[in-house]
Amino acid sequence: MSDKKSKVPKPEKKGAPKPATKATKVAAKKEVVPETFVDPSCSECSTRNCYRRDSRYPNFCLSEANQDGAAETKALYSGQSLDAKVARAAAEVEAEYYGRLTRLEETIIFALKLGAKKLGVASCVGFLDESTVYAKVARAAGLEVKTVGCKVGSIDKCEIGLPDHLKLSPGQQESCCNPALQAKVLNDWGADVNVSIGLCVGHDYLFTKHSQAPAVTLAVKDRVLGHNPMAAIYTHKFYYKRIMSLATFPKSRLEDQK
Ligand code: SF4
């Protein structure tokens with residue numbers, strides 16, 4: 001027999017305020033926006049009421065402030081345009097395969113849902129081995145594949161205005177990434193969907209901008225964290241405390257050379 005005392009709830013006194021339960025404490029906490037947020041937006045929202053509408057909107061809510069935009073985008077996603085097809089295909093992948101498919105598998109199913117026959121791959125040159133595997137997977141799913149590496153065109157960094165001392169290996173041919181040409185090659189080939197693998201910050205923008213086909217991302221590059229940039233966020237209270245202040249970011253290697 002257990003020697004623990006049984007927990008019999010005490011009767012509430014009439015008229016007395018109800019004691020704060022865990023749920024009410026959480027609800028009260030959710031309403032607080034810390035004063036340190038000068039211009040709060042969704043990243044400072046605790047209610048996230050736009051998702052289920054089971055709470056309340058904060059006074060800075062971007063849903064409430066953008067009703068016209070919501071109406072416009074609802075129309076955008078409801079028709080037969082490519083944007084509408086992409087929006088629905090992405091939602092269907094989530095609905096049908098939530099928690100079942102890896103992101104790699106999701107990219108394939110997404111492309112098939114859009115009726116794609118030709119799948120373009122914009123790969124970082126440092127990810128070409130991974131892209132070889134990805135191409136095999138996509139071909140096994142019945143897709144034609146063309147992979148374009150980021151150094152396509154072989155343009156030396158100095159030719160686009162970068163000083164030689166900023167090369168990783170000064171004095172040698174060192175080609176710049178060429179995301180616009182990656183996109184052009186895949187546009188000319190007639191890619192129905194493009195998948196980027198490991199493109200750099202900034203080069204990813206240029207590829208997406210110049211890609212005529214819908215461009216989705218399998219992997220982003222993080223040279224420090226094994227291509228898992230979220231690890232810095234998950235560990236920001238301990239190993240990666242440094243990210244909380246620009247002053248504690250690692251210095252430019254050019255400063256080490258001074
Ligand atoms: S749209 Fe409104 S409710 Fe949704 S996360 Fe942003 S601020 Fe919160």
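Axes here are lines fitted to C-alpha atoms, for helices over the stretch in contact, and angles run from 0 to 180 degrees between N-to-C directions. You are looking at a predicted model, in which local features need pLDDT of at least 70, side-chain atom pairs count only at pLDDT 80 or more, and totals for chains, interfaces and linings use all residues. Residues are numbered from 1 along each chain as its sequence is written.

**View A. Helix α4 crosses helix α5.** Helices are DSSP runs of H or I with at least four residues, and strands are runs of E with at least two, numbered from the N terminus. The axes of α4 (residues 82-97) and α5 (residues 103-113) come within 9 Å and cross at roughly 125°. That makes α4 oblique to α5 (under 35 degrees is roughly parallel, over 145 roughly antiparallel, 65 to 115 roughly perpendicular, the rest oblique). Contacts (C-beta atoms, placed from the backbone, within 7 Å) involve A89, A90, E92, V93 and Y97 of α4 and E106, I109, F110 and K113 of α5.

**View B. Four strands make an open sheet.** The order is β2-β1-β3-β4, with parallel pairing (at least two DSSP bridges between two strands). At the edges are β2 (144-149) and β4 (215-220), each pairing on one side only. From one strand to the next, the twist averages 20°.

**View C. Strand β1 beside β2.** Six bridges join β1 (residues 118-123) to β2 in the parallel sense. Look for A122, which stands opposite V148 in β2. Helix α8 (residues 203-210) packs on the sheet, touching β1, β3 (193-199) and β4, and its direction makes about 170° with that of β3.

Note on methods. Two residues are in contact if their C-beta atoms, placed from the backbone, lie within 7 Å.
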